[in-house]
Amino acid sequence: MKGVVISVLVVVAMVQLMVRPGEATISCEEVINLVRPCASYIMTGIGSPTVACCNGLDQLRKSATTTADKQQACQCAKDAAAGFPMINEQAAASLPTICKIHIDFPISKNINCQEIH
């Protein structure tokens, strides 16, 4: 578990260095914190996402309103998901539907975030 936490922190640090100042107002740290309650569901696909998970997704939706923010949030979520080799892609993709929240990008390792508008 310690290795997973370290991997996520390294990915977050790398992504923050890649973003040019002024482009997006949402940070990877914020995205990770909002999606963190979804981790156990995304990893296993068992049961249902928690209320905290759905609330985090809703807050993410409210925070990422501009194209730059949506692309940044997408890239942060994508990079974080890539740090979890055992992620259940179907569970991750189903989160917005289960939580009844529309976000403009799926939580996936396989999305081109530059296509988000």
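Which residues of α6 are buried? I will answer that in a moment, after a note on the model.

This is a predicted model, in which local features need pLDDT of at least 70 and side-chain atom pairs count only at pLDDT 80 or more, while totals for chains, interfaces and linings use all residues. Residues are numbered from 1 along each chain as its sequence is written, and side-chain values use heavy atoms, with hydrogens and water left out.

Now α6. Its buried residues are Ala91, Ala92, Ser94, Leu95, Pro96 and Cys99. Buried here means under 20% relative accessible area, exposed means over 50%, and partly exposed is in between, with a 1.4 Å probe and protein chains only. Helices are DSSP runs of H or I with at least four residues, strands are runs of E with at least two, and both are numbered from the N terminus. The buried residues of α6 pack against α3 and α4, where contact means heavy atoms within 4.5 Å.

The two ends of this helix each have a feature. At the start of α6, Asn88 places a side-chain oxygen within 3.2 Å of the backbone nitrogen of Gln90. For a polar contact the cut-off is a pair of N or O atoms within 3.5 Å; within protein, one must be able to donate a hydrogen and the other to accept it, and residues adjacent in sequence count only if both atoms are side-chain atoms. Just after α6, the phi of Lys100 is positive, at about 60°.

Leu95 leads us to the core. Leaving aside residues up to four places away in sequence, Leu95 touches Cys38, Tyr41, Ile42, Pro49, Cys53, Leu57 and Ile107. The largest nonpolar core has 31 residues, and Leu95 is among those with the most contacts inside it, together with Val31, Ile42, Leu60 and Phe105. Two or more residues of this core come from each of α2, α3, α4, α5 and α6. The largest share, five residues, is from α5. A nonpolar core is a set of buried Ala, Val, Leu, Ile, Met, Phe, Trp, Tyr and Cys residues joined through side-chain atoms within 4.5 Å. As background, nonpolar side chains tend to be buried together in soluble globular proteins.

Next, the disulfides. A search of the whole structure finds four, where a disulfide is a pair of cysteine sulfur atoms within 2.5 Å. Counting bonded cysteines along the chain, the pattern is 1-6, 2-3, 4-7, 5-8.

Cys28 is joined to Cys76, with an S to S distance of 1.9 Å. The torsion about this S-S bond is about -70°, so the disulfide is left-handed. Cys28 lies in helix α2 (residues 28-35) and Cys76 in helix α5 (residues 67-82), so the pair ties together parts that are 48 residues apart in sequence. Both Cys28 and Cys76 are buried.

In the link between Cys38 and Cys53, the sulfur atoms are 2.0 Å apart. This link of Cys38 and Cys53 is right-handed, with 100° about the S-S bond. Cys38 is in the loop between α2 and α3 (39-44) and Cys53 is in helix α4 (residues 51-63), so the pair ties together parts 15 residues apart in sequence. Cys38 counts as buried at 0% relative accessibility, and Cys53 counts as buried at 0% too.

Cys74 is joined to Cys113, S to S 2.1 Å. The torsion of Cys74 and Cys113 about the S-S bond is about -70°, so this disulfide is left-handed. Cys74 lies in helix α5 and Cys113 in the segment after α6 (89-99), so the pair ties together parts that are 39 residues apart in sequence. Cys74 is buried, with a relative accessible area of 1%, and Cys113 is buried with 1%.

Gln71 is also found in helix α5. Gln71 has a relative accessible area of 16%, so Gln71 is buried. Apart from residues up to four places away in sequence, Gln71 touches Cys113, Gln114 and Ile116.

Last, how do α2 and α5 cross: left-handed or right-handed? Their axes come within 9 Å and cross at roughly 60°; axes are lines fitted to C-alpha atoms, for helices over the stretch in contact, and angles run from 0 to 180 degrees between N-to-C directions. The crossing is right-handed, meaning that the near helix is turned clockwise from the far one by less than a right angle, with anticlockwise being left-handed. Cys28, Val31 and Ile32 in α2 meet Gln72, Ala73, Cys76, Ala77 and Ala80 in α5.
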